[in-house]
There are 2 protein chains.
Amino acid sequence: MKDVLRYVRDNSDDLIADLQRLIRQPSVSAKNEGIEECALLVSRMLKKSGINSQVLRLNKGVAPVVFGEVMSKKNPKQTLLFYNHYDVQPAEPFDLWDDDPFSGTVRGNRIFGRGSADDKGELITRIKAVEAFLKTTGDVPCNIKFVIEGEEETGSANIERYLKKFKKKFECDAVIWEFGYVDSKDRPVIGLGMKGLLYVELSAREPVRDAHSSLAVIIKNPAWRLIDALKTLRDSSGRILIDGWYDEVEKFSKTDLKLLADEPFDEVAFKKEYGISEFVNSKKGLDVKKALAGDPTCNIAGFLSGYTQQGAKTVLPSSATVKIDFRLVPKMDPKKQFARLQKHLRKNGFSDIGIKLYHGEAASRTDPSDPFVAQVKAAAKASFGSYVINVSNAGTGPMHSFASVLGAPCLSIGSTYIFSRIHSPNEFARIDLLKKTTQCMCHILNNFSHA
Amino acid sequence: MKDVLRYVRDNSDDLIADLQRLIRQPSVSAKNEGIEECALLVSRMLKKSGINSQVLRLNKGVAPVVFGEVMSKKNPKQTLLFYNHYDVQPAEPFDLWDDDPFSGTVRGNRIFGRGSADDKGELITRIKAVEAFLKTTGDVPCNIKFVIEGEEETGSANIERYLKKFKKKFECDAVIWEFGYVDSKDRPVIGLGMKGLLYVELSAREPVRDAHSSLAVIIKNPAWRLIDALKTLRDSSGRILIDGWYDEVEKFSKTDLKLLADEPFDEVAFKKEYGISEFVNSKKGLDVKKALAGDPTCNIAGFLSGYTQQGAKTVLPSSATVKIDFRLVPKMDPKKQFARLQKHLRKNGFSDIGIKLYHGEAASRTDPSDPFVAQVKAAAKASFGSYVINVSNAGTGPMHSFASVLGAPCLSIGSTYIFSRIHSPNEFARIDLLKKTTQCMCHILNNFSHA
């Protein structure tokens, strides 16, 4: 292991250069921008590090999955799978970036760019960990697989189809999830679970063309119409008012509550980072952590109607559109929740409101007593000196698909500093954490071989 | 008069060419695009038709007013003033136009383009009417003045200052307003009044940067915050809930009600044009006409928050902004109403909502028994065969400023077909109506000289 860890230390410039190469290839799945090019680049990078790679495809129009594989000579019976994604969020609003979002500019300990943290930085630490074993020992401690998808940021609509089609190829004993946070005290967060998601777009589309706003006395305004509909969905406290929405939600177990109580959360630093004076409903302490791990949400991600540029235009718009993401918790079925939303609008007299379903994904949690958890804890301790356990991330990923199709425990651990501004302008990765995490991945592989 | 009317008939190609020239000069006041250039072009056009012209200015940053003047040799005691504007609304959304909005494309009886009807078409009919008198008789039947401003579409913020500064220069006995509608049966509408306007922008600006939408469990969403505030402003029927909003609103007089009852309104054609199945609150008949002439409104002209492009982005936006125009009726004071809005938000716990005042304008109505009304009626009858009286237009203009500063009655009459799509994509002017209206303006000038 000493040689392996030394290799990681000695080759960090190469890690940065490869990450810059990845950032400079835009791969915005929401706009199908650079997806194919990025998949091919990732596959070449795997090969360069000594990892066999194939680009897997479903039907046309679906982003390819990059597959990587190294069989272990000394331990061919155990397989660890790294799940990652090569696509990124849109970089808009561009004018709030200090650099070109696809430049990979390095300043001090930070490398900036869309995808620098989410998820190209994470991917590079894992590739480099495997490379370190291959270059120094000529072998890996266990079989290693990479499943790197290109639609994570639009909701992983096809990953379950990939998992089912390539179930044999992807067979494994455990999964390291695509991301992992490092908290404000530089402790890696071992994540046991993720929330689900239901992403929809609602729209009001009358009149058929924009009208002079003086006609608002007789023509209904679609923005007001949409707002009237929205106000029936949740109250001012954030509670969702759709019939049956919370029916399947379960309370935290005693073990979960204990883990939540132990979980650190720096309220002051968090509020400062986002410039807010208080949390939703003035939450504090354990309630904040319970909300992050276990509260469903109804979030407005975008609202557009009428004239939104400089100055005043007296127009009655012809349409109003809102994008909403509902976060779901374990046992909530996205399909069932979508049907409840449809029924709610119909029942409340909003049959005229159009509903478009973008995607749905169920929540997932790994049992804290699974032996894989102990191995990852030990690796975190060895590389970072400490760690934190997180019952469920507030975000969403297709963990439920992996857990149910592959039947393997899934844990998240990685290099993303909690204030890395992922999904926002000036996203960055911390170079020190990229290095430490690469070493942590080496420990995970090493520990896994002894399991 | 025969020679004058024949001149108008014989020179209609020239009218179309001049209107195209005007349309091809963009003049979007909301973006300060082409304003100076258009003012100079209009002044050159006035001179070309034999009208003395000056470009008047206030301080820097204020659009110039183009002034035009012809003194009558035979009747130097009476002055009619034409009020017009050379600026236009923004042309967005560009992709809904069949032609370049600044092309002035002619197809059949229509000339298309931003400003073709509102207000460049109206202006051209008036210039050409004066030209017809000058070219055929060498004189005009009364003194004629033109006041052509460049900020009408952003709310005429400085016209009152111009009126006060150049009060002597603008002195007149009556004003023909900048626009005039022709109804679906090709009858010109003689308008006695206009509503007022209060245009504001409200915004919620927390958190300081976009955040990952998973954080919606603890960070307040500014779009929801703004929607919560908006829902306190009006109910679903459109009634404004701000304390005292309707305190100064007066009922229609018996004369007004009689005029409203006589006023035709083609509900079927109107609904068809805008693709709507019913009016606000299922209004019908006289109630529709009463609403157009006398109901205050709270219209959402624009709403923007978060990610509004293609696909799904799971973001918690850092801001939400709404543009609102409130239409006001006689006796409502824009300043007072703005103060009421401010107080309302404060009182309802929305002190965090930013309020920007774009502008305010009071409503105005001319007395139906004023002798000027009879002269304009006679001119309309002579040129169109019939006419319609409208108690108040549903839209807004600085009529109150003209009436109060110049002390003159103001009437609107013009060439704009009711379905000309002003303020909307594919705005057009009807060529037959441009010609008839030019003749109507000749009759108005002639009648006015005999008054």
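User: How do you know how chain A and chain B are related in this predicted model?

Analyst: In this predicted model, chain A is superposed on chain B by a rotation of 180 degrees with 0.0 Å of shift along the axis, and the RMSD is 0.0 Å. The two copies are thus related as by a two-fold rotation axis. The residue of chain A that comes closest to that axis is L304(A), whose C-alpha lies at 2.5 Å.

User: What makes up the contact between chain A and chain B, and which element of chain A gives the most to it?

Analyst: The contact joins 73 residues of chain A to 72 residues of chain B. Several elements of chain A each supply at least two residues to that side, among them β10 (193–204), α7 (222–230), α10 (286–294) and β14 (320–328). The element that gives the most is β12(A), with eight residues.

User: Why is it said that the copies meet through the same surface?

Analyst: Of the interface residues of chain A, 99% are also interface residues in chain B, so the copies meet through the same surface.

User: Which residues touch the most other members of the largest nonpolar core?

Analyst: That core has 271 residues, and those touching the most other members are V175(A), L226(A), L445(A), V175(B), L226(B) and L445(B). As an example, V175(A) is in contact with L81(A), Y83(A), F402(A), L406(A), A408(A) and C410(A), leaving aside its neighbours within four places in sequence. In soluble globular proteins, nonpolar side chains tend to be buried together.

User: What makes W224(B) buried or exposed?

Analyst: W224(B) has 25 other C-beta atoms within 10 Å, and a residue is buried if the count is 20 or more. W224(B) is therefore buried. It is found in helix α7 (residues 222–230) of chain B. The C-alpha atoms of W224(B) and S305(B) are separated by 10.0 Å, although these residues are 81 residues apart along the chain.

User: Is K331(B) buried or exposed, and what count decides the term?

Analyst: For K331(B) the count is 12 other C-beta atoms within 10 Å. A residue is exposed if the count is 12 or fewer, so K331(B) is exposed. K331(B) sits in the loop between β14 (320–328) and α11 (334–347) of chain B. Apart from its neighbours within four places in sequence, K331(B) is in contact with E248(B), V249(B) and E250(B).

User: What term describes the packing of α12(B) and α14(B), and how do you know?

Analyst: Helix α12 (residues 371–384) and helix α14 (residues 431–450) of chain B pack at an angle of about 140 degrees, with their axes 8 Å apart. That makes α12(B) oblique to α14(B), because roughly antiparallel requires an angle over 145 degrees and roughly perpendicular covers 65 to 115. The crossing of these two helices, α12(B) and α14(B), is right-handed. Residues of α12(B) including Q375(B), V376(B) and F384(B) take part, and they belong to a group that meets residues of α14(B) including K436(B), H443(B) and F448(B).

User: What term applies to α2(B) and α4(B)?

Analyst: The axes of helix α2 (residues 12–23) and helix α4 (residues 120–137) of chain B come within 10 Å and cross at roughly 140 degrees. That makes α2(B) oblique to α4(B). The crossing in which α2(B) passes α4(B) is right-handed. L15(B), D18(B), L19(B), L22(B) and I23(B) in α2(B) meet K120(B), G121(B), I124(B) and K128(B) in α4(B).

User: What is the phi of S156(B), and is this residue buried or exposed?

Analyst: Phi of S156(B) is near 50 degrees, a positive value in a residue other than glycine. S156(B) is found in the loop between β6 (143–149) and α5 (159–165) of chain B. With 24 other C-beta atoms within 10 Å, S156(B) is buried, as 20 or more are required.

Definitions and conventions: Residues numbered from 1 in each chain as written. Chains lettered and ligands numbered in written order. Predicted model: local features only at pLDDT ≥ 70, side-chain atom pairs only at ≥ 80, totals over all residues. Least-squares fit on C-alpha atoms with pLDDT ≥ 70 in both. Contact = placed C-beta atoms within 7 Å. Core = buried A, V, L, I, M, F, W, Y, C linked by C-beta atoms within 7 Å. Helix = DSSP H or I, 4+ residues; strand = E, 2+ residues; numbered from the N terminus. Axes fitted to C-alpha atoms, helices over the stretch in contact; angles between N-to-C directions. Parallel < 35°, antiparallel > 145°, perpendicular 65-115°, else oblique. Left-handed = near helix turned anticlockwise from the far one by under 90°.
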